[in-house]
Amino acid sequence: MQRYLIQRLLSLCAVLFGITLLVFLFLHYLPGGPAQAILGERASPEQVAALQVQLGLDQPLPQQYLALLRRLARFDFGRSIISGVPVRQEIFARWPATFELAAAALLIALLLGIPAGILAAVRQHRWLDKLTLGASLLGVSMPVYWLGLLLKYLFSVNLGWLPPSGRLGIGIGHSLTGFYLLDAIVQLDGEMLLSALVHLLLPALTLSSIPLAIVARITRSAMLGTLSQDFMRTARAKGVPEAGVVLTHGLKNALLPVMTIVGLQFGTLLGGAILTETIFAWPGLGLWIYEGILDRDYPIVLGGVIFVAVTYTVINLLVDLSYAFLDPRIQYK
């Protein structure tokens, strides 16, 4: 186990090195720059050049990249070029919003996707199975931005049932940790809890569409493979009720591929929430990184991407370690 952990941590360092190098090169070869973004389109070339010298952007790229690595080694992400606020402070302020949104989307995907996959496998080739397969294909194929705009227009603009943007109503509640649902429960504030839930519903439904479809398909496939095993027939022969056979024996053995997908999808949700957060003005990391890209604010983009990459890798490591609890036959070498 210890050797396995060391190998995974070393691979994490290699992944982070590759990510920082790619993001650094992409940002510096994009047209325009932070000096132009700060001064505006009417700035003269002399003013832009002077500001680049002040920001240290006139130095050779290898020198700038080595300076970046030295700062990262000290866990220093620098300051935003545009606002001057430390990037680390912005990350701590915004990651609860993205984490809460991703967790809600994944919870919706699991609560709907796993039962749908089980029912589709048990009712294979019947109308319920065909309905699940058709709905999952629609969920995977539908663009997230299109679904988000459609839900927003229908439930916010047309019907007026749900708020179109933001995380909380004006003047409602007091945040302690940045996780509004958790804060509302801890403070026993029903008004804050209701406001946080109605603001969260549309973004979470939008973000959960793809993982929901994938979880349903993977669960169906894994359950079909498990239902035909000998131990399932043995359980039925012993007189175990069909629901107990499916849920106790079948689902437990079908959870390994589902857990793998859950880990990958949660990391993807954290990094891929940019469109959803932009559509619903959700103040999370995705919207923040998107604005950083538009402003060519290198520290923001690098800090945000590195944070998401580390979170993604750690989550997948935890998922890998959980395999041994689901199947004791698995050993780490």
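Select S80 and show its neighbours: leaving aside residues up to four places away in sequence, S80 touches V85, V87, D297 and I300, where contact means heavy atoms within 4.5 Å. The model you are looking at is predicted, so local features need pLDDT of at least 70 and side-chain atom pairs count only at pLDDT 80 or more, while totals for chains, interfaces and linings use all residues. Residues are numbered from 1 along each chain as its sequence is written, and side-chain values use heavy atoms, with hydrogens and water left out.

Stay with S80 for a moment, and notice that S80 sits in the loop between α4 (61-73) and α5; helices here are DSSP runs of H or I with at least four residues, strands are runs of E with at least two, and both are numbered from the N terminus. S80 is buried, its relative accessible area being 5%, where buried means under 20%, exposed over 50% and partly exposed in between, using a 1.4 Å probe and protein chains only. If you draw a line from S80 to D297, the C-alpha atoms are 6.5 Å apart in space, although the two residues are 217 residues apart in sequence.

**The whole chain**

Zoom out and colour by secondary structure, and you will find 14 helices and 0 strands in the protein chain. The C-alpha trace spans about 85 × 55 × 40 Å along its principal axes, and 43% of the 333 residues count as buried.

Next, select residues 101-122, one of the spans that the unreviewed UniProt entry annotates as "transmembrane region"; such annotations may be inferred rather than shown by experiment, and their positions are given in the numbering used here, with feature names shortened. This span is 100% helix and 0% strand, with its end C-alpha atoms 32 Å apart. Residues 192-215, also among the annotated spans, are likewise 100% helix and 0% strand, and their end C-alpha atoms lie 31 Å apart.

**Where α5 meets α13**

Now show α5 together with helix α13 (residues 285-294), which pack with their axes 8 Å apart and at an angle of about 135 degrees; the axes are lines fitted to C-alpha atoms, for helices over the stretch in contact, and angles run from 0 to 180 degrees between N-to-C directions. That makes α5 oblique to α13, since angles under 35 degrees count as roughly parallel, over 145 as roughly antiparallel, 65 to 115 as roughly perpendicular and the rest as oblique. To see the contact itself, select V87, E90, I91, R94, W95 and T98 in α5, which meet L285, G286 and W288 in α13.

**Salt bridges**

How many salt bridges are there to look for? The count comes to 4, a salt bridge being a side-chain nitrogen of Lys or Arg within 4 Å of a carboxyl oxygen of Asp or Glu.

Begin with E90 and R94, whose closest N and O atoms are 3.2 Å apart; they are 4 residues apart in helix α5 (residues 87-122), which means that about one helical turn separates them. E90 is buried, at a relative accessible area of 18%.

Move on to D129 and R220, a salt bridge with its closest N and O atoms 2.6 Å apart. D129 lies in helix α6 (residues 127-141) and R220 in helix α9 (residues 190-227), so the pair ties together parts that are 91 residues apart in sequence. Both D129 and R220 are buried.

Finish at R233 and D230, whose side chains meet in a salt bridge at 2.2 Å, N to O, and which lie 3 residues apart in helix α10 (residues 230-237), about one turn of the helix. Here R233 counts as partly exposed at 46% relative accessibility, whereas D230, at 53%, counts as exposed.
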